[in-house]
Number of protein chains: 2
Amino acid sequence: MAEDDPGLEKKRQLLAQLLRSEASKRDATGPATPERLSAHRELFAALQNKVYLNFGGQGPLPQPAIAAIAGAYAEIQRRGPFSNSGLGWMQQQMGRLRIAIAQELGTQPETIALTENVSLGCNIVLWGIDWQPGDHLLLSDCEYPGVLAAIEGLRRRFGIEVSACPLAGGSEAEAAPLVAEHLRPRTRLVVLSHIFWSTGGIAPLKAIAAACRAHPTEGPPVRLLVDAAQSVGMLPLDLPDLGVDYYAFTGHKWWCGPEGVGGLYVRPEAMGDLQPTFSSWRALPPDWPDTACWPDARRYEIATSAWPLIAALSSALALHNQWGTAHERYQRIRSLAIYLWEQLGHLQSSTALVRHQSDPPETGILTFSTGTAPAHLVQVLEAQGIFVRALPAPRAGVRVCVHYLTLKEEIDKFIAGLRQSLRR
Amino acid sequence: MAEDDPGLEKKRQLLAQLLRSEASKRDATGPATPERLSAHRELFAALQNKVYLNFGGQGPLPQPAIAAIAGAYAEIQRRGPFSNSGLGWMQQQMGRLRIAIAQELGTQPETIALTENVSLGCNIVLWGIDWQPGDHLLLSDCEYPGVLAAIEGLRRRFGIEVSACPLAGGSEAEAAPLVAEHLRPRTRLVVLSHIFWSTGGIAPLKAIAAACRAHPTEGPPVRLLVDAAQSVGMLPLDLPDLGVDYYAFTGHKWWCGPEGVGGLYVRPEAMGDLQPTFSSWRALPPDWPDTACWPDARRYEIATSAWPLIAALSSALALHNQWGTAHERYQRIRSLAIYLWEQLGHLQSSTALVRHQSDPPETGILTFSTGTAPAHLVQVLEAQGIFVRALPAPRAGVRVCVHYLTLKEEIDKFIAGLRQSLRR
């Protein structure tokens, strides 16, 4: 974690050199020459000694981000942990991160509240609506347990009605009409993942957002909250174009930032329907109490967080963009996922493996099941240095994630390890 | 931030040597020999180049804690950021921190929920009560703006009544009867700081908790939420003996841990009155949904946080205990505060300074006002390397904090800097 690690500096120089030599031939070869990816991967310590396919759980933290954390701790101690100088520096870091995140999401910094994780963003929205008994919340049948638990808390507290729309296994084209069918006169919120954590399927958000807007209600309009745990850092994104109201994300999965930094996008037109719930000094402008809270999305931020990690996420974002555009990264993820899907298909013909997707995947998340209990299989693979995750019932199985950082050889190693495990 | 910093190792050895040589003569001299404190202070980078008197804002982070953070990042990358091995290690770190915190507070680990900061703990309690319109919340007139903002949100959302009990400037003996006088038949929660952030006064919690328990209500009993931002790490504590219901604290002020790690104590008997509000996977036991949430205070934890910082707070706590007991640390804080109070008294006779406490202080927080605007004075002092903070209206002034880490010479330097500023 040393800032002055000479090995790190050498790697940086190597990467810079490769980037320069790539620049001229880029149009011809694309960004993914093996040499360049290899140099890029060397910046990720977690990728060096294992086959890491758990990006949907947590991404590997690049060395420049770790160095940024070390640098930030030193800077804060030098300036004074609580000081005008230190607080000014920290606010500058937060401002920069908001700009960097906004660029990735195609939006403005004022629409971004910084949080600690996806769940916090979801909870800010779930609890921020002025629920009345009998109001309706619609979710899909593929949502994450943490979100389900929060919604169950809401239901008990406010006496709202909750129902699930069966999107699992359906086609993308059917999704928006299906959501529209399940809306009710008192539906106030639709809660949906952009990419389903347990299937890797994509929800067609633009059509669903349009269906929500078009739906006539007895009261306020239907709002759309998106759990973006698996989409941010994987898909090229333009949130205003998608038309979603609230989009909760984290930096520590596909963006490979540090755990503990995430955010919430709030569409300006949807801010009026969302009161801050948990609240403290970060929501308050300098002229509080004359002004109750910030005019922008900072009103949803709460209190002290791990400031030194802010610079690390900015650093990770810069690193990804150095390697390629969001579109280029997604294209590579998708082609690797298709390769993995094909390999699983070959395995399917000779073992008890069931590949869950019948069509080629559109995201970097693939799931399958075997005769073996998923948790056991995952443990056996981890012992061989191959990292995937077990999914709980009702969609019990194994989840494999490929990133643009993934190598084809890693997929081959995973398939070989899996084949061996299934033969035992 | 290097783990292998030879200078750090040398400092550690020096400290260990001094601790050994102190052991025999400790009873005679107390723990605060100048040599030993000097070696101890060298572990705090932020104390080296300044007169730091802002412990109530944020404490300086000791080098062993910074090294623990670096070590944790390396460990997580080595084990696999999302892996059985990595998650197991992280849970072990959290378990250890819960034990260490519980020891400091005189309680059991099961009563401790880990949070990111004091405000989160306060919000968990404020929003966790099943408020009915017309219920009453009593607070003091010395509470922190962030807490006031959260309470204002509650009032708007649930139609509760909020009133303030005038504890500022009153004597400790009068406080409990005054609180009792302000309780109503429908009071459900009293919100109070243990040490007031803007005056340094101590609330006599044991008597106040007893008054709350003795109060007859129309419904559930009156619960007591304590904002412990300034008391944890300053006072020797035994929470079960105090009889408080909820005690929200942070590690990054008087405990000198990293920003972003704090906690909430929940008295087991008061857990039934407190539902989780913001919630996600950390609240859920392995057999969820059969069991709705953890049986202990973990039910109030939310989701992914900055795990690598957990070990750093454990490290900071160990360091303080190496130096002296909670009682010894508090005694030193108090004697330094009395010295500071006396020096301010001398200054009072020759300048426009008004010392806010008329009696010798009982805590490490002192406040005063001068003819100068506090924010300007604080800036002038910061430019000279002296760090204190400005307090906003209605108790506008300057706050100075002394820690057991503070030197008498630093107080002298502060007084000299202040004298010079007031003469200009």
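A salt bridge is a side-chain nitrogen of Lys or Arg within 4 Å of a carboxyl oxygen of Asp or Glu. The views below show a predicted model.

**View 1. Charged and polar pairs between chain B and chain A.** By this definition, the number of salt bridges between chain B and chain A is zero. Polar contacts do link the two chains: 26 residue pairs are counted, with both residues at pLDDT 80 or more. Sorted by class, the side of chain B that touches chain A consists of 38 nonpolar, 24 polar and ten charged residues.

**View 2. The extent of the interface.** In this view, 72 residues of chain B are in contact with 72 residues of chain A. Between them the chains bury about 5700 Å², and carbon and sulfur atoms give 62% of this area. Of the area that chain B buries against chain A, 14% is supplied by Phe82(B), Arg157(B) and Phe278(B), more than by any other three residues. The elements of chain B that give two or more residues to this side are helix H3 (63–79), helix H4 (84–105), helix H5 (118–128), helix H6 (145–158) and helix H12 (374–383).

View 3. Thr304(A) lies in the loop between strand S8 (262–266) and helix H10 (310–323) of chain A. Is Thr304(A) buried or exposed? Its relative accessible area is 9%, and because buried means under 20%, Thr304(A) is buried.

Conventions
Residues numbered from 1 in each chain as written. Chains lettered and ligands numbered in written order. Predicted model: local features only at pLDDT ≥ 70, side-chain atom pairs only at ≥ 80, totals over all residues. Heavy atoms only, no water. Helix = DSSP H or I, 4+ residues; strand = E, 2+ residues; numbered from the N terminus. Buried < 20%, exposed > 50% of the residue type's maximum accessible area, 1.4 Å probe, protein only. Contact = heavy atoms within 4.5 Å. Buried area = accessible area lost by both parts, 1.4 Å probe. Polar contact = N/O pair within 3.5 Å; in protein donor to acceptor, adjacent residues only side chain to side chain. Nonpolar A, V, L, I, M, F, W, Y, C, P; charged D, E, K, R; others polar.
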